[in-house]
Amino acid sequence: MNVNSSSAGAGSFAAWRTTFPWLPTSTSPAGEEGLTYYFDHGDSRFISILTDHETLGAVAPTQQAWLSNVLASSANKEHVFIFSHHPLSF
């Protein structure tokens, strides 16, 4: 997914990254650093999925593969929370 051609508006993702530079980037899929990511806190995993793009609300195939891998590596977590700005659909 090309986050630079988003329906969210030109510069929106750059502004997001500037405003929230502390969001995780090392756990993000390529090109979605600080937009799609996960972090662990104790026995819980929190997963954020970017849904502001041209197929608003849909998960891109690359995100689906990334999410599948993250969920597969979450088996040792007691709680897993997935959140986004818009509802997810597959």
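Colleague: What relative accessibility does F39 have?
Modeller: This is a predicted model in which local features need pLDDT of at least 70 and side-chain atom pairs count only at pLDDT 80 or more, while totals for chains, interfaces and linings use all residues. Residues are numbered from 1 along each chain as its sequence is written, and side-chain values use heavy atoms, with hydrogens and water left out. On the scale used here, buried is under 20% relative accessible area, exposed is over 50%, and partly exposed lies in between (1.4 Å probe, protein chains only). F39 counts as partly exposed, at a relative accessibility of 34%.

Colleague: Which residue forms a stacked aromatic pair with F39?
Modeller: The structure holds five aromatic pairs, counted when Phe, Tyr or six-membered Trp rings have centres within 6.5 Å (stacked under 30 degrees between planes, edge-to-face over 60, tilted for the rest). The F39 pair is stacked, with 5.1 Å centre to centre and 15° between the planes.

Colleague: Nice! Which residue forms a salt bridge with R45?
Modeller: A search of the whole structure finds two salt bridges, each a side-chain nitrogen of Lys or Arg within 4 Å of a carboxyl oxygen of Asp or Glu. R45 is buried, with a relative accessible area of 5%. In its salt bridge the closest N and O atoms are 2.6 Å apart, and the partner is D40.

Colleague: Where does K77 lie, and how far apart in sequence are K77 and D40?
Modeller: K77 forms a salt bridge with D40 too, with the closest N and O atoms 3.7 Å apart. K77 is in the loop between α2 and β3 and D40 in strand β1 (residues 37-41), so the pair ties together parts whose separation in sequence is 37 residues.

Colleague: Last one: which helix gives the largest share of the lining of the largest pocket?
Modeller: A pocket is an open set of 1 Å grid points where a 1.4 Å probe fits, with protein on both sides within 12 Å along at least five of seven lines, and lining residues have an atom within 4 Å of a point. The largest pocket holds about 270 Å³ of space. Of its 15 lining residues, the closest to the centre are W16, L35, L50, D52 and H85. The largest share, three residues, comes from residues 12-19, helix α1.

How values were computed: Grid points are joined across faces, edges and corners, and a volume is the space filled by probe spheres set on the points. Helices (H or I, at least four residues) and strands (E, at least two) are DSSP runs, numbered from the N terminus.
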